[in-house]
Amino acid sequence: PETGALLEVNNIEVIYNHVILVLKGVSLSVPKGRITALLGGNGAGKTTTLKAISNLLHSERGEVTKGSILYKGRNVQDLDPSDMVKAGVIQVMEGRHCFEHLTVEENLLTGAYTRRDGAAAIAADLERVYDYFPRLRERRRSQAGYTSGGEQQMTAIGRALMSKPEMILLDEPSMGLAPQLVEQIFEIVRAVNEHEGVTFLLAEQNTNVALRYADAGYILESGRVVMEGSAQDLRENPDVKEFYLGMS
Ligand code: ATP
């Protein structure tokens, strides 16, 4: 049946180094065109879930040992990471991972490497990225390693946009950023979602900010989903308030 889900993760188990069971049966459904938040504390398994989806676990000696991952109804577990990008799914890693010796603009252009639609289309999209991130236009000629943490996070998201994705897996965008900058980044995520129709699955420890921008959320604890619901239901849930929003 047509559920409207772009991505479906069904009961996956992930094991690192053949012995460490980190995800103990995680299921998620990410509707097309929406922002879905994956919440939970340090070590809950958020990054592992994102890497399982984008097939980035192999380089970390991690393996999905149970369950399935369907993108547009198709099992994508055998794709390698670059085929995942061609299929429309790109991950923005935690800690930003810019090429520090390249300029901001060169970093953005590396995001277009899988595209075959020509220089004019790529140049037009570069301008669109600069429209979302005016700060990056100002810093286009700067070496990325010398830009601020916020600018590097913007560069990492902008680079992902340059691959023309349908879905972005965004890992901990708020990490290490001042509150005002976090708000600015989430505003841009919302604008990209609204204007480009890009679907987001974002991992966040900052429950408060994530639930203000997301449509729905899942809360992970020790490799299991312990709660799920619309962002509004989660914001109003007494347990979420007490344990994740710091109020009771
Ligand atoms: P964080 O916000 O700290 O990234 P997280 O919710 O994203 O937390 P994960 O990074 O997915 O959590 O980690 C989940 C668990 O898996 C942790 O206990 C972590 O120590 C373990 N883990 C992560 N990567 C590996 C690895 N390559 N080898 C072994 N264990 C790992």
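Modeller: Let us begin with glycine 176, which is found in the loop between strand 7 and helix 7; helices (H or I, at least four residues) and strands (E, at least two) are DSSP runs, numbered from the N terminus. This is a predicted model, in which local features need pLDDT of at least 70 and side-chain atom pairs count only at pLDDT 80 or more, while totals for chains, interfaces and linings use all residues. Residues are numbered from 1 along each chain as its sequence is written, and side-chain values use heavy atoms, with hydrogens and water left out.

Biologist: Why is glycine 176 called exposed?

Modeller: Buried means under 20% relative accessible area, exposed over 50%, and partly exposed in between (1.4 Å probe, protein chains only). Glycine 176 has a relative accessible area of 75%, and therefore counts as exposed. Its C-alpha atom is separated by 8.6 Å from that of glycine 150, 26 residues away along the chain.

Biologist: How do you know that the side chains of aspartate 125 and lysine 164 are joined by a polar contact?

Modeller: A polar contact is a pair of N or O atoms within 3.5 Å; within protein, one must be able to donate a hydrogen and the other to accept it, and residues adjacent in sequence count only if both atoms are side-chain atoms. The two side chains are joined at 3.3 Å, so the distance meets the cut-off. Aspartate 125 also touches Arg115 and Met162, where contact means heavy atoms within 4.5 Å.

Biologist: What is the phi of lysine 164, and what is that of asparagine 55?

Modeller: Lysine 164 has a positive phi of about 55 degrees although it is not a glycine. Phi of asparagine 55 is near 60 degrees, again a positive value in a residue other than glycine. Asparagine 55 lies in the loop between helix 1 and strand 4, and at 6% relative accessibility it counts as buried.

Biologist: How do you know that the length of helix 7 agrees with its number of residues?

Modeller: The expected span of a helix is 1.5 Å times one less than its number of residues. The 18 residues of helix 7 (residues 179-196) should therefore span 26 Å, and the end C-alpha atoms are 25 Å apart, which agrees. Among the buried residues of helix 7 are Val182, Ile185 and Phe186; the buried residues pack against several elements, including helix 4 and helix 6. Helix 7 is followed by glycine 197, whose phi is positive, near 70 degrees.

Biologist: Which residues are closest to the ligand?

Modeller: Of the 16 residues that surround the ligand, the closest are Asn42, Gly43, Lys46, Thr47 and Thr48; a residue is near a molecule if one of its heavy atoms lies within 4 Å of it. Helix 1 gives the most to this shell, with three residues.

Key:
Lists of a residue's contacts leave out its neighbours within four places in sequence.
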